[in-house]
Amino acid sequence: IATCPEIILRQEVLKDGFHRDLLIKVKFGESIEDLQTCRLLIKQSIPAGLFVDPYELASMQEKNITEAEMVSENFNIEAPSYLSTESEVLIYARQDAQCAACFHAFLPVHCRYHRPHSEGAETLVVLGNPDLLVFCDQGEG
């Protein structure tokens, strides 16, 4: 049976308006000795009120800014939230140069249009915690 060390997950939404950036930071507890051989894959659900532009992701991968892939297919980035469904993105996190037990991932997210409502009312979009998948190559040993 595999045991899981303490993991600290922090999500930050950067910028204001319709075009935001999601920064995901993960720090593993001290019980994992060597993370140099590990890769961290983050599976992030994107609620219907937000979307990730697959064309923007492809461009960012070409520029080596992020390494991510859309899991969901056939969704319309132009559709309003009430005509949309949740989607999923897989993001490879990068190891932090200053912290051997730390990883971070960057994902641009965009707000969808919502149904019109009375003046002054706000709409809440909840971004849940992602699933973390870790693979460590321990060699032939």
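## Disulfides

A disulfide is a pair of cysteine sulfur atoms within 2.5 Å. In this predicted model, C99 and C102 meet that criterion, with an S to S distance of 2.0 Å. The torsion about their S-S bond is about 55°, so this disulfide is right-handed. C102 has a relative accessibility of 13% and counts as buried.

The structure holds two disulfides. C38 and C136 form a disulfide with their sulfur atoms 1.8 Å apart. This pair links distant parts of the chain, joining C38 in strand β3 to C136 in strand β9 (residues 131-136), 98 residues apart. Its S-S torsion is about 105°, so the C38 and C136 disulfide is right-handed. C38 is buried at 7% relative accessibility, whereas C136 is partly exposed at 23%. With the bonded cysteines numbered in sequence order, the pairing is 1-4, 2-3.

## Nonpolar core

The largest nonpolar core has 22 residues, and V52, V89, I91 and L107 have the most contacts inside it. At least two core residues come from each of β2 (19-28), β3 (38-46), β5 (67-70), β6 (87-92) and β8 (99-111). Strand β8 supplies the largest share, five residues.

Beyond its neighbours within four places in sequence, I91 is in contact with several residues, among them I24, L40, L41, I42, A105, F106 and L107.

## Surroundings of L9

L9 lies in strand β1 (residues 7-14) and is partly exposed, at 28% relative accessibility. Apart from neighbours within four places in sequence, L9 is in contact with I24, K25, V26, N129 and P130. The C-alpha atoms of L9 and C38 are separated by 17 Å, the two residues being 29 apart along the chain.

Key: Residues are numbered from 1 along each chain as its sequence is written. This is a predicted model: local features need pLDDT of at least 70, side-chain atom pairs count only at pLDDT 80 or more; totals for chains, interfaces and linings use all residues. Side-chain values use heavy atoms; hydrogens and water are left out. Helices (H or I, at least four residues) and strands (E, at least two) are DSSP runs, numbered from the N terminus. Buried means under 20% relative accessible area, exposed over 50%, partly exposed in between (1.4 Å probe, protein chains only). Contact means heavy atoms within 4.5 Å. A nonpolar core is a set of buried Ala, Val, Leu, Ile, Met, Phe, Trp, Tyr and Cys residues joined through side-chain atoms within 4.5 Å.
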